[in-house]
Amino acid sequence: MNKLNERYIQIQKIIRSHDYKYYILDDPSITDHEYDELLKELNQIESEHPDWITSESPSQRVGIKPEQDFATFKHFQQMLSLANAFNEEDLKNFHDRILKNLGTNEQIEYFCEPKMDGAAVSLIYEKGILTKGVTRGDGTIGEDITSNIRTVRSIPLILKDSDIPFPDLLEVRGEIFIKKPDFDTLNLKAQKNDEKVFANPRNAAAGSLRQLDPAVTSLRPLAFYAHGIGLCKGKEFVNLQEIFSVFSSWGLPINNLNKLATSIDECFQYFKDIASSRSAISFEIDGVVFKVNELSIQKQLGEIARSPRWAIAHKFPAEEAHTEIENIDFQVGRTGILTPVAKLKTVNVGGVNVSNCTLHNLDELKRLDPRVGDGAVIKRAGDVIPKMVRVIPKKKNRANAVEAPQKCPSCFSDVVFNYQSEWTIMDTDKSKPVKKFASIYEAQKYLEKTHSPDFNIMEERLETPFIKCSGGNRCPEIFQGKFTHFVSRKAMDIDGLGQEILSALINNDYIKDFADIYVLQEHREELEQMERFGKKSVDNLVQSIAKSASVELYKLVFSLGIEEVGETTARNLANTFGSMEAIQRSSFDDLIAVQDIGPRVAAKITDYFCDAENSASLEKLLPCLTIINPDINTMKEGIKFSGLQIAITGKISLMSRDELKNLLMSEGAKVTSSISKNTDYLIAGENAGSKLEKAKTLGVRIVDADNINTFVDDPKKFF
């Protein structure tokens, strides 16, 4: 080995040492200029001797060329998701379950970490050299993003030498994130360059990792903390505390806020300490993670529904933010219901910019009494939907209270109250109520049975929080909403008919009825001349329309937009009557005999098919379609899930949630989104969360999402 080669090896070690001090210890020992000079010398040597260059050289952090697409990679060990705790009681129940499973009352040590709000990745080191970086994906298969991972300066390309030898193969689990100050700088730079700004650091980190050009990723201020281990060949560990100590000695960055707790009480205190200092922490967190420290105990506890029994995420309560109410409008939905919506001065709530917030109905409007100019406290319910928690009245010159409009804001038709009624059988002789009913039908049936001349029916209108446009299809919002629902994915599933294109076709009189969609190909030449259209887009649209013309009966029923007829009710109608003609002919009595259809919904269905305009519309539509009717005679025999209530939670990897839902409902199941004592099964996928915990508490049978096919083939195995 000549002197130049020795210098080349030495300079790589020097640069790695300074990378460790700068990016991991945050304690640089040389100036930026001195560091740049070292890189310059390294690049000069490599330009003269390109055959010396290896993938772990500091010069090779950025790939030579962009990727065409990301390959997939199966994790050596599954990347599990965590169940959630939302309060101290949930955490205490988690601890009690562990003690019960272990059959002990002894103290358990927990390793405590802030729950980072970033992008989970797996790093693979072979004999100390980074060979692959992979996204979490579905926990089993991720995307190979090695070229982008190599650009993250805090991730060592070669592990740092220590007294502990490197294992032959090591999977390091961790989080890619962007610190708050770096995120602010990134967005300021984007604003100056008229580029799109990021909503929050988590989105910025995840988006940066999925750039096909590593050079773009290298410009993003990404950082990394290790928080777990996957497969490890050639090294045995006893507990998490040891793992992170060894990781640190190898130069892997570890969160210095991690802590070992010797009891559940110390876990409670750790959560409080992290929560109180949350705003001062330099990166986004959304809770705290508690893991059983001893690996042998982890193995003994095992996992359920792709979540470990030995770990839990204690989430922070939804963040709240203060803002100002700029206006309150009423928006018209496809059924004509007017919903009050607050227009807000844009505010960031839990990392998301919020400028609108629904007020739901008149009851909520009355309860909150929001007015233009008032302050408002906003939170994101379930960290998703913006919700107005309370109003802070303006101290001086407060605006008038918001009143329900008398006219529809879209078509100026009269607004009517969407009343619900209650019917009471009155004993006129004694002037007292006998029995109350939710429908006139039930009241009349009762009256027929009694044959009492002293009984009559009295209607009582109940207060209702809803108001409705009386314009029907004359209202542009209702008309557009009807077609938007008809072509939606869960209905007729016609790709290429988004809001703007639908509006254009409606405004140009190409669509006046459902059937008009199925003759759009007759206007190809005119369509190709319209804005947003071209030959290719028209071809795609025509193909999508043709594909949708072959439709299952329940989807067609759902697509009609009958008030209060959702997917489940539509399927029950299809499976009971077997054809559209039979549904149209069904009487009120026939309808209320259908599973989950009561008098109110039965009345809505009857009203829909008795309406002359709806009947004429269907008469034109049905010849355009090939309807796939269910075999109701076969379905009545041996339906696997008849009468069972099944809930689904978490991410399902084997099929889409809609596919699973349709599969279960086709076998007679009632699929719900909530857990109750009436729930028979919970299918739990990735990130199952609080629903899984509630199901365990209620004793609901749990089916791991990986076992869906077995469950559908033979549900008795899960009794």
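**Figure 1. Aromatic pairs in the predicted model, with the stacked rings of phenylalanine 111 and phenylalanine 244.** A search of the whole structure finds 17 aromatic pairs, a pair being two rings of Phe, Tyr or Trp (its six-membered ring) whose centres lie within 6.5 Å, called stacked when the planes are under 30 degrees apart, edge-to-face when they are over 60, and tilted for the rest. The ring centres of phenylalanine 111 and phenylalanine 244 are 4.9 Å apart and the planes lie at 25 degrees, so this pair is stacked. It links distant parts of the chain, since phenylalanine 111 belongs to strand β3 (residues 110–116) and phenylalanine 244 to helix α8 (residues 240–249), 133 residues apart; helices (H or I, at least four residues) and strands (E, at least two) are DSSP runs, numbered from the N terminus. Phenylalanine 111 is buried, with a relative accessible area of 5%, and phenylalanine 244 is buried, also with a value of 5%, where buried means under 20% relative accessible area, exposed over 50%, and partly exposed in between (1.4 Å probe, protein chains only). Phe111, Phe166, Phe244, Phe247 and Trp250 form one aromatic cluster. The model is a predicted one, in which local features need pLDDT of at least 70 and side-chain atom pairs count only at pLDDT 80 or more, while totals for chains, interfaces and linings use all residues. Residues are numbered from 1 along each chain as its sequence is written, and side-chain values use heavy atoms, with hydrogens and water left out.

**Figure 2. The edge-to-face pair of tyrosine 608 and phenylalanine 609.** The rings of phenylalanine 111 and phenylalanine 244 are stacked; tyrosine 608 and phenylalanine 609 form an edge-to-face pair, 5.3 Å centre to centre with 85 degrees between the planes. Tyrosine 608 counts as buried at 12% relative accessibility, and phenylalanine 609 counts as buried at 12%.

**Figure 3. Charged ends over aromatic rings.** The charged end of lysine 235 sits over the ring of phenylalanine 237, 5.4 Å from its centre, a description used if NZ of Lys or CZ of Arg is within 6 Å of the ring centre and within 35 degrees of the ring normal. The charged end of arginine 701 sits over the ring of tyrosine 681, 4.8 Å from its centre.

Figure 4. Strand β4 (residues 119–126) is mostly covered, with 6 of its 8 residues buried. It is joined to strand β7 (residues 169–177) by 8 bridges in an antiparallel arrangement, and two strands pair if DSSP finds at least two bridges between them. Alanine 120 has glutamate 175 as its bridge partner in β7. With strand β5 (residues 129–135), β4 pairs in the antiparallel sense over 6 bridges, in which valine 121 has threonine 135 as its partner and serine 122 has valine 134. The hairpin of β4 and β5 has 2 residues between the strands, and lysine 127 takes a positive phi near 50 degrees there.

Figure 5. Strand β26 (residues 645–649) is joined to β27 by 3 bridges, and isoleucine 646 stands opposite valine 671 in β27.
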